[in-house]
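Biologist: Can you put the two-chain model up and walk me through it? I'd like to start with how the chains pair.

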There are 2 protein chains.
Amino acid sequence: MEIQQVIHELSQRARRAGNAMSRVNTGLKDQALLRLAARLEASHEQIAAANQKDLDAADERGLTGAKRDRLRLSEKVLADLCQGLRDVAALPDPVGEVTKMWTRPNGLRVGQMRIPLGVIGIIYESRPNVTIEAAALCMKSGNAVILRGGSEAFHSNTCLAEIFQDVMKEVGLPTDAVQLVPTTDRAAVLELLKQEEFIDVMIPRGGETLIRFVAEHARMPVLKHYKGVCHVYVDQHANLDMATEICVNAKAQRPGVCNAMETMLVHEQVAETFLPQVAAAFQERGVSLRGCERTQKILGDACTPASEEDWGAEYLDLILAVRVIDDMSSAIEHIETYGSGHTEAIVTDDYATGHAFLQDVQSSLVLINASTRFNDGFQLGLGAEIGISTSRLHSFGPMGLEELTSKKFFAFGQGQIRE
Amino acid sequence: MEIQQVIHELSQRARRAGNAMSRVNTGLKDQALLRLAARLEASHEQIAAANQKDLDAADERGLTGAKRDRLRLSEKVLADLCQGLRDVAALPDPVGEVTKMWTRPNGLRVGQMRIPLGVIGIIYESRPNVTIEAAALCMKSGNAVILRGGSEAFHSNTCLAEIFQDVMKEVGLPTDAVQLVPTTDRAAVLELLKQEEFIDVMIPRGGETLIRFVAEHARMPVLKHYKGVCHVYVDQHANLDMATEICVNAKAQRPGVCNAMETMLVHEQVAETFLPQVAAAFQERGVSLRGCERTQKILGDACTPASEEDWGAEYLDLILAVRVIDDMSSAIEHIETYGSGHTEAIVTDDYATGHAFLQDVQSSLVLINASTRFNDGFQLGLGAEIGISTSRLHSFGPMGLEELTSKKFFAFGQGQIRE
């Protein structure tokens, strides 16, 4: 069968399954999640065997280090995956929630009710556990999902998706609600991106190249984020010990992730005290600093000069851009010019300054006196996360179950007609 | 100046103005709206003169009837426009609303707050009043707007946009927050659709050709609806007099709009009683019927045969497709196969049937015992309407002020860092 036909039919089946899933009650969906956790545990040998095929192929291609690690479904990864499924089963089901209800002058009672988005496409790279994690969130929120994983994890993904489908069948849910694209042919991705009639939204998860490719070619809406150029602004009224702890945590606790700080902005009135203190702490953690002219004057050899490119850079590494600024409005102007709308924090003890920053900065998470590293669905208490959106449409920030739903209007009438 | 440069700079200025608008308080925005209403009333001669230029050009091109009418800024249209502005000023401002707030185990207090979308592009056809209506809604919700009206209304649109900008300047708001594309060159539209860096969302308003063009070429998200193939399902437990009233209203009260009924589905157990009754009422209103075989058997000459194409047709005219179906699940299957997800109503006196329909049909508005004609922002009580979305992303159904906003996360910390 032609690849076009394969993808078209798979997408069409997903639409039908999505229609059916939108009517399934929570109990049955939770039953599937719990049974899936048990089944994954019982199938650990089968999973390890499939995973080994991918690892062998990776070794043949000379893959090492983090790239090989990401492929590996270790006992620990599998145990976390199963715990994750039990956690998702315990989360409230957003579908059917009536978020508002009101009555019109003519007696029409109008409300809004959460419904699933329909069919969600997930295009992801190496880590095979995404197959289960993403599909579980889509399923719990009443959606059908089409999964397209990386070719390097194809055997693992296929094994996991088959187990998921078996469980769906056993509990009486449509197996077409969880489908893996059954080929590693790259043409399949382009075909998927054309199925706007059957797929409601595409969520790419991976590097910027993948995300830009999906955004460019998709005919349906895409939920995405390109990068996180996150800022901490240390205000003149900051508690400088707290500021040091927050800045070190934001930069160095896990530098390779999107919510790590990339630029630190420091109010000129505290720069001379704060910069030497924080620079010492950074040095201990192996962070190298790139400073503006004023920073260089204070820190001397402890930093190298920052160029214009440094202000917009997402290092994802133990490197930090540092700039001394005149006041909060310069800080906000800097953030609006160079930031990516991901996460910004202020450290201040001043009530008015903190609230003005919170009000005036329009990033997906704005924090007062806390680390940027909290921009994460689990840390913020959503209970789950399928990604972080940095565009303001549909969803802004971490996306949990609720963000995989929409709302329909409904109305209870007694024969009302338009005059 | 090249058209590319014109559009690029205009969009860039809109982004800056949008940033500023997101920080403006409600009082100032409402003051601008009220002053604009007064100014439009005082400028009626200037507006009429500009409008006359467009009307003269229309006459030269031989435009008549509804097409010419839509261009005309009559006293009545202008009065309605000013009243509309006063109504929008009286609506609550969605910006800054905290929709939720909770506390994490580590003491971090997390919330979500409404913020503007940023920069909204509106691409519309003939009616020049959209210039004011759409810009007012975008402005009240803290957004900057870029307007691109039809070339046939260019003089009217320019006059109205200039008045809006004058008022913005007077009250101290950025004039770049309300910009009209200063050329009728069609190339400008394509350039606008490329400015994804500066324009957050595009809202096309007009015919299907325009909407499809925008959806195909826009690099930013598009809020749109293509068509309304709306259904009324008359259940076996329907009050048949109520069903007749609702069906006639849904079809004939204003047949040329997207929330008019296009297909009527009738349960077989009431078809023999209901169809002759409703057919007589339709005949009085000049509605011609296209029926399935079972409908034809009952109505004979009172209807013509429906073909497969009739089920998905948006007539926007006094024509109705009619189908007798076995039960509610066949009705839902029909709606899922041929519907457009816009508006569906059931007429029934049975509690369980009504609620099952409400639960199982995922259209932007689902009604029990009321006319489909209520799918409208004003009728449902949103207080305003900038369009109706039939895709489930960001917004589904009529869009008012709230739908022109997004939500950011925020967090109040006391020095929290990630462990």
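**Pairing and packing**

Modeller: A370(A) has Q416(B) as its bridge partner, in strand 16 of chain B. Before going on: this is a predicted model, in which local features need pLDDT of at least 70, side-chain atom pairs count only at pLDDT 80 or more, and totals for chains, interfaces and linings use all residues. Residues are numbered from 1 along each chain as its sequence is written, while chains are lettered from A and ligands numbered from 1 in the order in which they are written.

Biologist: How many bridges join strand 13 of chain A to strand 16 of chain B?

Modeller: Five, and the two strands run parallel. Two strands pair if DSSP finds at least two bridges between them. Strands (E, at least two residues) and helices (H or I, at least four) are DSSP runs, numbered from the N terminus.

Biologist: Which rotation superposes chain A on chain B?

Modeller: A rotation of 180°, with 0.0 Å of shift along its axis and an RMSD of 0.0 Å. The two copies are thus related as by a two-fold rotation axis. The superposition is by least squares on the C-alpha atoms of residues with pLDDT of at least 70 in both copies.

Biologist: Which residue of chain A comes closest to the rotation axis?

Modeller: H394(A), with its C-alpha at 1.7 Å.

Biologist: And how many residues are in contact between the chains?

Modeller: 54 residues of chain A touch 54 of chain B, contact meaning C-beta atoms, placed from the backbone, within 7 Å. Strand 16 of chain A gives the largest share of the chain A side, 11 residues. The copies meet through the same surface, because 100% of the interface residues of chain A are also interface residues in chain B.

Biologist: Switching to chain B. What is the strand order in the open sheet of four?

Modeller: The order is 5-4-3-6, with parallel pairing. Strand 5 (178-180) and strand 6 (201-205) are the edges, each pairing on one side only. From one strand to the next the twist averages 20°. Within the sheet, strands 3 and 4 of chain B share five bridges, and G121(B) stands opposite I146(B).

Biologist: Which strands does helix 1 of chain B lie across?

Modeller: Strands 3, 4 and 5 of chain B, with helix 1 at about 145° to strand 4. Helix 7 (residues 154-171) of chain B also packs on the sheet, touching strands 4 and 5, at about 155° to strand 5. Axes are lines fitted to C-alpha atoms, for helices over the stretch in contact, and angles run from 0 to 180 degrees between N-to-C directions.

Conventions: Two residues are in contact if their C-beta atoms, placed from the backbone, lie within 7 Å.
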